[in-house]
Amino acid sequence: MTDAKAGPAVGAEKPGFDRGLLPPMLLGSVLNPINSTIIAVALVPIGRALGAPASQTAWLVSALYLATSLGQPVVGRLIDVFGPRRLFLLGTGLVGVAGVAGALAPNLGILIGARVLLGFGTCAGYPAAMALVRSEAERTGRDGPGGVLTALAVANQTIAVVGPLLGGLLIAVGGWRATFALNVPLAVAAVVLGLLRLPKALPASGSTRHGNLASRLDLPGMGLFAALLVTLLLFLMNPHLRDWYLLALSAAAGAAFAIQELRAATPFIDLRVLGGNTPLLATYGRALVAYVVAYAFLYGFTQWTEEGFGLTPFHAGLAQTPMFLLAIGVSIVSGRSTGVRGKLLLGAAGQIVACLVMLTLTGDSPLWTLLLVALVFGVPQGLNNLALQNSVYFQADPERTASSAGLLRTFAYIGSMVASSATAASFGQHADTGGLHRLAWVMLGAGVLYLLLTLFDRTLGRASGTGTRAPA
């Protein structure tokens with residue numbers, strides 16, 4: 001390496017992004033979405049095999065996101081402190097263990113436990129990737145690695161294409177257990193790539209160089225955050241007045257968490273900085289409602305195509321393909337521009353139009369109308385993910401890139417929990433057309449809220465690659 005003190009030669013080009021980091025970054029970041037999408041076509045076969053209704057198999061979705069909602073910002077903070085390598089290897093190794101447990105699970109309870117392990121295991125991939133992007137940006141002097149950020153978004157979209165289709169194929173060949181066993185070779189590949197390609201150490205950020213380990217990690221803050229999130233998500237999984245105590249516990253944990261973070265020398269989540277970062281808070285709010293729509297479609301619409309429309313799991317996955325193929329194309333094309341406001345507005349409009357079309361579907365609708373809905377959803381699927389990811393990268397404190405990225409996923413998973421709860425409440429024991437329409441109204445309300453949050457947000461700026469952040 002060139003001596004940093006010597007400085008670059010006049011006219012010399014800045015060093016480029018280390019492309020050797022891309023394979024572990026991309027594979028690690030897609031472990032969560034592949035497990036999110038592949039389960040969508042497996043819910044009905046699992047329910048039939050284990051004698052569980054849709055309201056119970058919904059826990060297979062909720063369990064993963066409960067674990068990941070908690071784990072993403074915690075693991076992200078650990079990555080900010082210790083660097084990505086160790087956390088990446090530990091997390092991807094846990095994915096392999098979870099794959100074995102799920103493939104051998106004798107009942108729904110064990111299967112839900114395997115999904116919890118998957119949730120925690122997949123926590124490291126995305127925050128680690130964002131931390132590596134930030135580190136490479138600082139090393140190369142290129143603050144806007146738009147191509148790498150777009151690659152992350154496209155990789156997630158590609159997996160979303162492969163997930164339902166691959167899930168249907170695996171179920172046809174080896175049964176639903178094969179969808180869990182798939183995690184074993186994926187985890188082995190991720191661990192090997194991590195060992196070979198990830199740097200053994202990254203420079204510690206200024207706020208994490210000093211103090212003992214406990215103060216640097218803010219363990220009390222992490223514990224209170226866990227209590228806040230778990231009680232809130234348990235309520236959201238099955239909201240009912242009889243469970244009011246969960247909201248009370250969540251409020252109490254939230255108050256204690258705020259007091260702890262305001263007093264901590266090195267807080268887990270710096271509420272002072274976060275509270276003053278209006279653009280980032282708005283991005284988190286948009287992520288929550290955007291993913292209510294996205295995940296309600298992914299799980300609810302897929303279940304309806306199997307039970308209400310009569311498609312096989314393989315064909316149900318195939319019906320999702322137009323959405324994800326268009327989303328990939330939209331991400332690639334729109335990734336050339338770093339602006340986010342236009343993407344968000346068009347994404348919101350796409351969600352609203354798709355929900356309106358869903359309200360016209362019945363069990364006797366022609367197949368092309370199902371494909372049309374999936375195709376329309378492809379536009380917001382490609383735009384929203386990329387715009388939200390880029391917003392966080394440019395709006396977050398550079399020293400907390402990984403934990404901020406993890407917190408984005410947390411808000412997305414809260415949205416998925418709301419979607420899962422809405423799906424279970426809408427369908428009950430059977431995913432019929434009436435339930436699909438009830439779910440579509442919930443999705444439409446979330447889509448309209450997403451549009452309003454974007455229209456009236458005057459903090460949205462243009463996230464440029466010149467080092468300039470979106471205005472606060």
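A charge counts as over a ring if CZ of Arg is within 6 Å of the ring centre and within 35 degrees of the ring normal. The model is predicted.

Q: What makes arginine 134 a residue that lies over the face of tyrosine 393?
A: Arginine 134 is 4.2 Å from the ring centre. The limit is 6 Å, with the angle to the ring normal within 35 degrees. Arginine 134 is therefore listed as lying over the face of tyrosine 393.

Q: Which ring does arginine 409 lie over?
A: That of tyrosine 126, at 3.8 Å from the ring centre.

Q: How many aromatic pairs does the structure hold?
A: Nine.

Q: Why is the pair of tryptophan 176 and phenylalanine 180 called edge-to-face?
A: The ring centres are 6.2 Å apart, and the limit for a pair is 6.5 Å. The planes meet at 80°, and over 60 counts as edge-to-face, so the label holds.

Q: How do you know whether tryptophan 176 is buried or exposed?
A: Its relative accessible area is 9%. Buried means under 20%, so tryptophan 176 is buried. Phenylalanine 180, at 2%, is buried by the same cut-off.

Q: Why is the pair of phenylalanine 225 and phenylalanine 257 called tilted?
A: The centres lie 5.7 Å apart, within 6.5 Å, so the rings pair.

Q: Which residues do ring pairs link into a cluster?
A: Phe297, Phe301, Trp304, Phe309 and Phe377.

Notes
Residues are numbered from 1 along each chain as its sequence is written. This is a predicted model: local features need pLDDT of at least 70, side-chain atom pairs count only at pLDDT 80 or more; totals for chains, interfaces and linings use all residues. Side-chain values use heavy atoms; hydrogens and water are left out. Rings of Phe, Tyr and Trp (its six-membered ring) pair if their centres lie within 6.5 Å; planes under 30 degrees apart count as stacked, over 60 as edge-to-face and the rest as tilted. Buried means under 20% relative accessible area, exposed over 50%, partly exposed in between (1.4 Å probe, protein chains only).
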